[in-house]
Amino acid sequence: MAQHRISFSLNGETELVEVASQITLLQMLRDKLARTGTKNGCMAGECGACTVLLNGEPVNSCMILAVECDGTEIVTVEGLAQDGVLDPIQQAIIDHGGVQCGFCTPGILISARGLLDRNPDPSEDEIREALVGNLCRCTGYLRIIDAVKDAATRQQALKAG
Amino acid sequence: MTIDAHPELPEFDYIRPATLVEASQFLKEHAGESRPLLGGTDIFVRMRDGIWHDKYLVDVKKLDGTDEIHFDPTAGLTIGAGVNMNRVMADKAVQQHYPVLAEACRSVASYQLRTRATIVGNICNASPAGDTIGASLLYNGVLSVHGVQGLRIVPLAGFFLGPGETVLQAGDIVTAIHFPPPPSGCAGTYLKLGRNNWSDLSIVGVTALGYPDPTTSTGFRLRVALASVAPRPIEVETLRDYLSAHQITRDAFRQAAILAQQASSPIDDMRGSARYRRLMVGQLTEKALVLTWKRIDGRS
């Protein structure tokens, strides 16, 4: 079966990889590039644990072929913190106790980052709708929703300087 | 023994042709062992489940304008095959002129799945449960299909033959769906009953569309399409004819709901029983008609 040479930006750094056709973005991240922050949950596009940003938009990395990512920009949970400073959504989810077992957290952080990038001041309904594709069996979601609201406020304060 | 609910994808070759001609020829030459790939949200699930075993997936997402969405007040709306549902929902012209299509997209799965899922993919998958198919039917969608003989136009009405079956032949690639400008004063809704309020597949889906129409005796045209209650998505033609010939009243909507039930032929499955589905077709059809009637311009 054919191998494909692809290049893409992963958390700001260029990667060159050779992959077989059937290898998903999720498999490439975890097995070839050792970015294990992105989790493998359902492998059916339902649970959201594998969510990453592809060209700025949240996607289920289990539902995309690695070869389709040639020339794209990918951000995983490992790419959220900048220069050792957590992203506002990371800090907020810690402060609000929005993490229990933590398995869903990388996907939730990425979905929330995608939401805050396209809508810096989301309503609660908009937050809930944006997180529909991220299942969490521990927290009951309320603290996560609070964290996203708070992250929006913190982000705006940071931007206002 | 390990039971792997969703194993990795089986081996296949990913093909990215340079042109539509090349893509159609490849698909024709490899009929039965190849498939056009858009967002893959259905294909990958079926391959993992061992239902599909294609040797080749042919990526047609970015070929010759398939990544474009365009509205013109006289020509209407064209949505390229590669345009994802989030882009459709966010498009101002869709929100203004085809709001039921935006509403239907919004009901599909999750944001991250809709970054990949496409309306044309939803249509070509031909699931009886396809959420965007009802709106596409009622807005009189027409498909641009590229085959080995070249480009042709295929109306959506008549496109579906059964579950997963369409009139498409080997080598055919749907490149876009086109909608004429909607009738003046047009309004509607998509009511979806799932096992939860968000993200699930539909147990029953009811799309309704209505608009002033001087050619009917009531002065209005009301149409309903049903999802998940027949072997293919259907428009209830008896309902359309009944409501163009009978005065619009609550009783007429009740009668129309019965016609919708009669047009349905639901089955029992893991999401709901046939009996429940038929009951819900009646409930949701009446509700959708009432909502649509309130939304029609000059009525509310």
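**Figure 1. Burial and overall dimensions of chain B.** Of the 300 residues in chain B of this predicted model, 49% count as buried. A residue is buried if 20 or more other C-beta atoms lie within 10 Å of its own, exposed if 12 or fewer, and partly exposed in between, with C-beta atoms placed from the backbone. The C-alpha trace spans about 60 × 55 × 30 Å along its principal axes. For 300 residues, a compact globule would have a radius of gyration near 19 Å; the 20 Å of chain B agrees with that. The radius is taken over C-alpha atoms, and the globule rule is 2.2 Å times the number of residues to the power 0.38. Chain B holds 11 helices and 14 strands. These are DSSP runs numbered from the N terminus: helices are H or I with at least four residues, strands E with at least two. Among contacts in chain B between residues at least 6 apart in sequence, 63% join residues at least 24 apart. Two residues are in contact if their C-beta atoms, placed from the backbone, lie within 7 Å.

Notes for every view: residues are numbered from 1 along each chain as its sequence is written, and chains are lettered from A and ligands numbered from 1 in the order in which they are written. In this predicted model, local features need pLDDT of at least 70 and side-chain atom pairs count only at pLDDT 80 or more, while totals for chains, interfaces and linings use all residues.

**Figure 2. The two domains of chain A.** The assignment gives domain 1 (3-77) and domain 2 (88-160). Domain bounds come from an automatic or database domain assignment. The C-alpha centres of domain 1 and domain 2 of chain A lie 22 Å apart. Their contact takes 14 residues from domain 1 and 13 residues from domain 2. On the domain 1 side, strands S3 (51-54) and S4 (57-60) of chain A each give two or more residues. S3(A) supplies the largest share, 3 residues. By class, this side of domain 1 divides into 7 nonpolar, 5 polar and 2 charged residues. Nonpolar means Ala, Val, Leu, Ile, Met, Phe, Trp, Tyr, Cys and Pro; charged means Asp, Glu, Lys and Arg; the others, Gly among them, are polar.

**Figure 3. Where chain A meets chain B.** Here 26 residues of chain A are in contact with 23 residues of chain B. S4(A) gives the most to the chain A side, with 4 residues. That side has 13 nonpolar, 11 polar and 2 charged residues.

**Figure 4. Helix H1 of chain A.** H1(A) covers residues 25-32, and its buried residues are A:Leu25, A:Leu26, A:Gln27, A:Met28 and A:Leu29. Strand S2 (13-20) of chain A is included in what covers them. A:Ala34 follows H1(A) and has a positive phi, near 55°.

Figure 5. B:Leu239, B:Arg240 and B:Leu243 are buried in H9(B), residues 237-245. They lie on the same side of H9(B) because they cover an arc of only 100° around the axis. The arc is that of the directions from the helix axis to the C-beta atoms. The face turned away from the buried side carries the exposed residues B:Asp241 and B:Ala245. Cover for the buried residues of H9(B) includes strand S13 (220-227) and helix H10 (250-263) of chain B.

**Figure 6. The largest nonpolar core.** This core has 134 residues. A nonpolar core is a set of buried Ala, Val, Leu, Ile, Met, Phe, Trp, Tyr and Cys residues joined through C-beta atoms within 7 Å. Those with the most contacts inside it are A:Ile89, B:Val88, B:Leu101, B:Val224, B:Leu226 and B:Ala260. Helix H3 (residues 105-118) of chain A gives the most to this core, with 6 residues. Leaving aside neighbours within four places in sequence, B:Ala260 is in contact with B:Val224, B:Leu226, B:Val236, B:Leu239, B:Val281, B:Gly282 and B:Thr285.

**Figure 7. An exposed isoleucine, B:Ile153.** B:Ile153 sits in strand S7 (residues 150-155) of chain B. B:Ile153 counts as exposed because 9 other C-beta atoms lie within 10 Å. Beyond neighbours within four places in sequence, B:Ile153 is in contact with B:Val142 and B:Ser144. Its C-alpha atom is separated by 9.6 Å from that of B:Ile177, 24 residues apart along the chain.
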